[in-house]
Structure formats: C-alpha cells, structure tokens
Amino acid sequence: MSDQTVHTGAAAPAGHSDPYGITDPEGPSDGAVFNAAGGDWDDVAEEAAALGEERIVVNMGPQHPSTHGVLRLILEIDGESVTEARAGIGYLHTGIEKNMEFRTWTQGVTFCTRMDYLTPMFQEAAYCLGIERLLGIADQVPERASIIRVLMMELTRISSHLVATATGGMEMGATTVMTVGFRERERVLKVIENVTGLRMNNAYIRPGGVAQDLPPGAIDLIRDMVPAVRRGMGELEALLLENPVLKGRTVDVGYLDLTGCIALGITGPILRSTGLPHDLRKTEPYCGYETYEFEVMTRDSCDAYGRLCIRLDECYESLSIIEQAVDRLQNTPGPVMVEDKKIAWPAQLAIGSDGMGNSLDHIRNIMGSSMEALIHHFKLVTEGFRVPAGQVYQAVESPKGELGVHLVSDGGTRPYRAHFRDPSFNNLQATAAMCEGGQLADVIVAVASIDPVMGGVDR
C-alpha cells in the first residue's frame, strides 16, 4: 500500500521535513504534510504541536467493528469534526486474480466466488458469462440454466442487502435491526444451501450452465420462503423508516450528488440515491432479465437514508423476480448445462444415499462401462477446455453496483488474465467526499451506506 498523507491548512516552514527526514526542496507549500502510513509517531506529534493547532490524526481500523472488514480510515479531526478522511486498503490481499491464471477456466469459479463473500453468485455469473462469450456459446446456454442463475442472483441480492441493513443498524446501536435482518437472511441462506450445498462460496454457476438442477422440494421451499421474508422486510421497515433516531442519524449524512458519483465512477444504490435509474439489468440485460417485470428503485435524497430505502425496496423487487423465476422453472424442463461435452462439466452432481458424492448412475457409467467416458472425464477435469484467444468485458448488476470482469485468453486452458471491477473498490473512493466536513459519528453511517466488502476490494 502506498503511503497515505494528511495535510493541514497551515503553511509549512521552509525546509520542512517529514517523519522520515526527507526535506522538501521547494520550501513553503500549501500545508504541512504528515506521513500517516507508519514511521515514528513521536515525530508526527512533535510536528503537529509545532503548528500550534488542536488537530489530531487518528486511525479508525483496520481492526474496527464498524469498518466492514479490514478497512483503515485515516481521519484528521478538529474536535468532533472530520477535516480530512483517507481510506487505506490492502490489509486483506488474497491474490485471487493472479491465482486464477494458474487454474483451469472452470476452477476459476471457486476463486472468484470468494472475492465479495456476500455476493458470490454475482462474481460467478459475470465470470461464466464472459467465458461463454469468448467460447461463442452464449446463445447455447439452456433456458432453464439462465432462469436458475437469475433465481440464485436475486436470492443473493436479498442476502447482501439484509447484511448491509442489519450491520448498519448495529453500528448505530439498533441491535433489534441486526437480529431481525439476520433472521431473514437465514431464511434465504437455507434455500441457497438447499440448492447448492453451501451457504456461501458456492461455485454453483459454471461455464455453460450451473453445477446441478434444483433438488426435489426446492420449489416448495422457495414458495414458503418468499412470504416469510416479505413479512420480515415489513418488520424492518417498521423499525427503521420512520424512526426519528434513525432519520436523525442518516438524513443528509454521507451526502454525494450525481455529479460526484459520475466523477468517481460510483454505481449501485449510491448512484440510484441521486435519482438516476441506472441498473445493468435494464440497460445491458443478461440471463434474460429483459423478460422479467421489475422496477429500478431510486431516491433523490443523495444521502444514507435514501440508500437504506433503496436497499429495502430492491429486496421486494427481488422477491417478485424470484416468484417469476419459480413459475418459469415449473414450466421449463430441460438440461442445465450446454450439450457440448467438450465444455460441459462432466460430473452430474446429485446427493447420494450417504449424503455425499455424485450420481451413482453417472459414476457407474464413467468407471464401469465406458473407457472413453473415463478418459474424457479425466482430461476435462485435469486439463480443462480451451478458450479461443481474445478478450471480453462482462458486467452484471451486483447489490453494490456494477461488477465487471475483464478476461483475456491466449487460446489455452487457463485465463491469461482475469481482472474484476469490484464495485466496493470504486465506491470506497467516495469516503472522503461523504465524510469530510461532517461529524466523527457520521463516518460510521457514511461507510455503512457505501456497504463495502473488503474481500472484493483487496482481490
């Protein structure tokens, strides 16, 4: 991570030195510069005292319960007012994008799903949609697989928004919001676990389709879940939207208008809170989203309260999309993977009587009756399929904004390069604009309204 600096308003004396002893050759500048990324804090304090001002530079994080992971905020405060705010990232580097260059295209799904661990289905969907475009099979993905992808993404959208709302409430002292939010999220995760076998890091969406069809009873489970979550959302709205304490903490806090959003590349609920109805599901549809009926939720308040309202509204819209998807699944039989056996993942996943493993019939076919099937299975799993040389950018609308993936293929069985545009990374640029000039307590609310997940920032 590069050094973070904090500037004060007073002019520095000629020959001013920073804490590392590097002399400024140009003499006086607009303000004294303190290195806030390390060094000797005695030197920093000494220089601050020399200016004769009551300003303090403090670290909030990276180990702090209100920074949504290991985000470090370097704040210059004057009393309770924040005069300057910097976001320090880089404390959770996982090397996921580089690791993907050393795995097959299919294995890459298990890496990208772990980036933003609250929105795994969206990373998987963007990645697989990009691969399918490079392969030229985008129109060969079975309709049933696309419907299941929409279903899983909207379930994940609700799960992510509920975490944002619940943790945001907890950070303001509203513990009931936390318990209700996570209670409803458990209902959603129960469905996701039933379909994929995992609550998170699912690796369920695969190039060419999905790993397996819905298990028996999944449709009924979803139909029972939707009204229960809808009732829970009503409880959250009753707790939050007209609560005078919450409105006092969020209205006109974390303000960022449309001009600021465009200048900083901000998307998602932050952008839609300025009144702009930008949603990739409408503007650049994928997975058949253009055939679903839903509205793009907006507000014109440009503040944390508007973003909260948008997230709650989007949960209702997602529930509506889920109901539409379930109706379609009941009337759309068929495969959930492309027919091309050179691409389709060979394991026909199904839970056996022992609660583990693949379909017994499939194992018998591979291991007992067909040498060609065994050879093909071995080659496809260990080596993978080849993707024609080229590059592609594919974006989806994640709960936090535009999630894009730039894939480059050199014609081999592994990505030459995989780079993700994670919305949390871009949206964190708004931290200074939202926080500077406000109160120290408002920093918590502003960051919560951004809803960053550091797994997506520090890829």
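1. Helix H6 (residues 175-196) comprises 22 residues and reaches 31 Å from its first C-alpha to its last, close to the 32 Å expected at 1.5 Å a residue. The expected span is 1.5 Å times one less than the number of residues. Helices (H or I, at least four residues) and strands (E, at least two) are DSSP runs, numbered from the N terminus.

2. The model is predicted: local features need pLDDT of at least 70, side-chain atom pairs count only at pLDDT 80 or more, and totals for chains, interfaces and linings use all residues. Residues are numbered from 1 along each chain as its sequence is written, and side-chain values use heavy atoms, with hydrogens and water left out.

3. Gly 197, which follows H6, has a positive phi near 95 degrees.

4. The axes of H5 and H7, lines fitted to C-alpha atoms over the stretch in contact, come within 13 Å and cross at roughly 25 degrees. The two helices are therefore roughly parallel (angles under 35 degrees).

5. Pro 399 lies in the loop between strand E8 (390-398) and strand E9 (401-409). At 1% relative accessibility, Pro 399 counts as buried. Pro 399 and Leu 118 are 281 residues apart in sequence but 9.4 Å apart in space, C-alpha to C-alpha.

Key
Buried means under 20% relative accessible area, exposed over 50%, partly exposed in between (1.4 Å probe, protein chains only). Axes are lines fitted to C-alpha atoms, for helices over the stretch in contact, and angles run from 0 to 180 degrees between N-to-C directions. Angles under 35 degrees count as roughly parallel, over 145 as roughly antiparallel, 65 to 115 as roughly perpendicular and the rest as oblique.
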